[in-house]
Amino acid sequence: MKRNTKINLLLLLAVALLAVMPLVLGLGDHKEEPFTGADGEAETAITEIDPDYEPWFSPLYEPPSGEIESALFSLQAALGAGVLCYYFGLRRGRKQGEQRALERDAAGAPDAGESDREGV
């Protein structure tokens, strides 16, 4: 097995463990909503420390339900992943193209542009 394949499998296993372990260990069982985001946790902690605290600003858009908020967050994550994957794919493609061009030059094969000029 190639080294990169082993690394990819180990990373996949690590991600799976990170997703499953909180459920297996029962983390959050004592809470009403165990897997809410950090914003909710921070709001709860602030109101416990200072009940009279007033936020400095309010959100520009407040989704009408938790499902819509979750869908918007998922859409944001998907768009971010798409941009990252596009960037890394483009970078890898350029690198492969450069490597093929160098191999072609080293082998002495004419470029596509040179063969077109020879026929003219």
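User: Is Phe-88 buried, partly exposed or exposed?

Analyst: This is a predicted model, and every value here is computed from it. Phe-88 has a relative accessibility of 46%, so Phe-88 counts as partly exposed. Tyr-87, with a relative accessible area of 43%, is partly exposed too.

User: What share of the 120 residues in the protein is buried?

Analyst: Buried residues account for 2% of the 120.

User: How many aromatic pairs does the structure hold?

Analyst: The general idea is that two numbers describe a pair of aromatic rings: the distance of the centres and the angle of the planes. The structure holds one such pair. In it, the ring centres of Tyr-87 and Phe-88 are 5.2 Å apart and the planes meet at 65 degrees, so the pair is edge-to-face. The reasoning rests on a cut-off, since planes over 60 degrees apart count as edge-to-face.

User: How many helices and how many strands are there in the protein?

Analyst: The protein has four helices and zero strands. Read from the N terminus, the order of elements is α-α-α-α.

User: What span should helix H3 have, and how far apart are its end C-alpha atoms?

Analyst: Helix H3 covers residues 66–107, which is 42 residues. At 1.5 Å a residue, H3 should span 62 Å, and its end C-alpha atoms are 61 Å apart, which agrees. After H3 comes Gly-108, with a positive phi near 85 degrees.

User: In which helix is confidence lowest, and in which is it highest?

Analyst: Where pLDDT is low, the predicted coordinates should not be read in detail. Here confidence is lowest in helix H4, residues 112–119, at a mean of 54, and highest in H3, at 93. For the protein, the mean pLDDT is 85, and 87% of residues reach 70 or more.

User: What volume does the largest pocket have, and which residues are closest to its centre?

Analyst: Empty space is found by rolling a probe the size of a water molecule over the atoms. The largest pocket has a volume of about 940 Å³. Its lining has 24 residues, and those closest to the centre are Asp-39, Gly-40, Glu-43, Pro-59 and Glu-69.

User: Which helix supplies the largest share of that lining, and what classes of residue does the lining have?

Analyst: H2 gives the largest share, seven residues. Helix H2 runs over 38–49, and H2 and H3 each supply at least two lining residues. By class, the lining has 12 nonpolar, eight polar and four charged residues.

Notes: Residues numbered from 1 in each chain as written. Predicted model: local features only at pLDDT ≥ 70, side-chain atom pairs only at ≥ 80, totals over all residues. Heavy atoms only, no water. Expected span 1.5 Å × (residues − 1). 1 Å grid on protein atoms, 1.4 Å probe; cavity = no way out; pocket = protein on both sides within 12 Å on 5 of 7 lines; lining within 4 Å. Points joined across faces, edges and corners; volume = space filled by probe spheres on them. Nonpolar A, V, L, I, M, F, W, Y, C, P; charged D, E, K, R; others polar. pLDDT = per-residue confidence, 0-100. Phe/Tyr/Trp six-rings, centres within 6.5 Å; stacked < 30°, edge-to-face > 60°. Buried < 20%, exposed > 50% of the residue type's maximum accessible area, 1.4 Å probe, protein only.
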